[in-house]
Amino acid sequence: MQREHNCTGHVVWINGAFGSGKTTTAQLLVNAVPGSVLVDPEEVGTLLRDVLQPVAPVRDFQQWGAWRELVAATLNSVVRELPEVGPGLVVVPQTISNDEYWSEIVSALDPGCRITAVALQVSADEHRRRVAEDTSEPGALRWRLGGFEQFRSASWITTAFTCIETTDLGPAEVADAVRALLSDEIG
């Protein structure tokens, strides 16, 4: 049986500069919290890129209103499908540095859906080191380095998200810091 449209789930959005460790943190969190799931909005962007880029080209898929609408709809649908027992965590690793886009997504979530917004902060030198050593997506180096300053200059993030300084932390420590924010719900 699906949940009512008054959501009782919990979205944990992990924001951060491209290459800051969002996906690694999200995967560690999902592995540590039984019944939680990972939803990657990049997949929505990939779907739309194939459909819309030829007819409505953009530099970044987040510019499409369809991306923002589908991300919110996907999160709502996934939360409704989760069993009513357990934490009902939907973990989302996605850089977002445009406050209007963030507001649009959050306002489209079902009423009652709890959101914990976390931003991973990292120094410029450490960020450069991390993305240079990443072997999973070596072709993304320029994109990740190029977006770093845009993310850091988005001052609204420090008020909309709980910031975690990760420069001197390893992946497990970052995941533990996020889990600590959720400790009341996940035990």
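Predicted model: local features only at pLDDT ≥ 70, side-chain atom pairs only at ≥ 80, totals over all residues.
**View 1. Helix H2 packs against helix H3.** The axis of helix H2, which spans residues 41-52, comes within 10 Å of the axis of H3, and the two cross at roughly 140°. As H2 passes H3, the crossing is right-handed. On the H2 side the contact is made by Pro 41, Val 44, Gly 45, Leu 48 and Leu 52, which meet Ala 66, Trp 67, Leu 70, Val 71 and Thr 74 of H3. Sorted by class, the residues of this contact are 8 nonpolar and 2 polar, with no charged residue among them.

**View 2. Helix H3 also meets helix H4.** Helix H3 (residues 65-81) and helix H4 (residues 99-107) have axes that come within 8 Å and cross at roughly 35°. The crossing in which H3 passes H4 is right-handed. From H3, the residues Gly 65, Trp 67, Arg 68, Val 71 and Ala 72 take part, and they meet Tyr 101, Glu 104 and Ile 105 in H4. The contact of H3 with H4 is made up of 5 nonpolar, 1 polar and 2 charged residues. Trp 67 and Val 71, listed here on the H3 side, are also listed for H3 in its contact with H2.

**View 3. Helix H4 has a buried side and an exposed side.** Within H4, the buried residues are Tyr 101, Trp 102 and Ile 105. Seen down the axis of H4, these buried residues fall within an arc of 100°, so they line one face of the helix. Glu 100 and Ser 107 are exposed and are carried on the face of H4 turned away from its buried side. The cover over the buried residues of H4 includes E1, H3, E4 and helix H7 (157-160).

View 4. In helix H1, which comprises residues 22-32, the buried residues are Lys 22, Thr 25, Ala 26, Leu 29 and Val 30.

**View 5. Helices H5 and H6 pack together.** Helix H5 (residues 124-133) and helix H6 (residues 141-152) pack at an angle of about 155°, and their axes are 10 Å apart. That angle makes H5 roughly antiparallel to H6. Their crossing is right-handed. Ala 124, His 127, Arg 128, Val 131 and Ala 132 in H5 meet Leu 141, Arg 144, Leu 145, Phe 148 and Arg 152 in H6. The contact of H5 with H6 holds 6 nonpolar, 1 polar and 3 charged residues.

**View 6. Arg 144 is a buried residue of helix H6.** Buried means under 20% relative accessible area, and Arg 144 counts as buried because its relative accessible area is 12%. Not counting residues up to four places away in sequence, Arg 144 touches Phe 18, Gly 19, His 127, Val 131, Asp 134 and Glu 137. Of these partners, His 127 and Val 131 are listed among the H5 residues that meet H6. Phe 18 is 126 residues from Arg 144 in sequence, yet the C-alpha to C-alpha distance between them is 4.8 Å.

Key. Residues numbered from 1 in each chain as written. Heavy atoms only, no water. Axes fitted to C-alpha atoms, helices over the stretch in contact; angles between N-to-C directions. Helix = DSSP H or I, 4+ residues; strand = E, 2+ residues; numbered from the N terminus. Parallel < 35°, antiparallel > 145°, perpendicular 65-115°, else oblique. Left-handed = near helix turned anticlockwise from the far one by under 90°. Contact = heavy atoms within 4.5 Å. Nonpolar A, V, L, I, M, F, W, Y, C, P; charged D, E, K, R; others polar. Buried < 20%, exposed > 50% of the residue type's maximum accessible area, 1.4 Å probe, protein only. Arc of directions from axis to C-beta.
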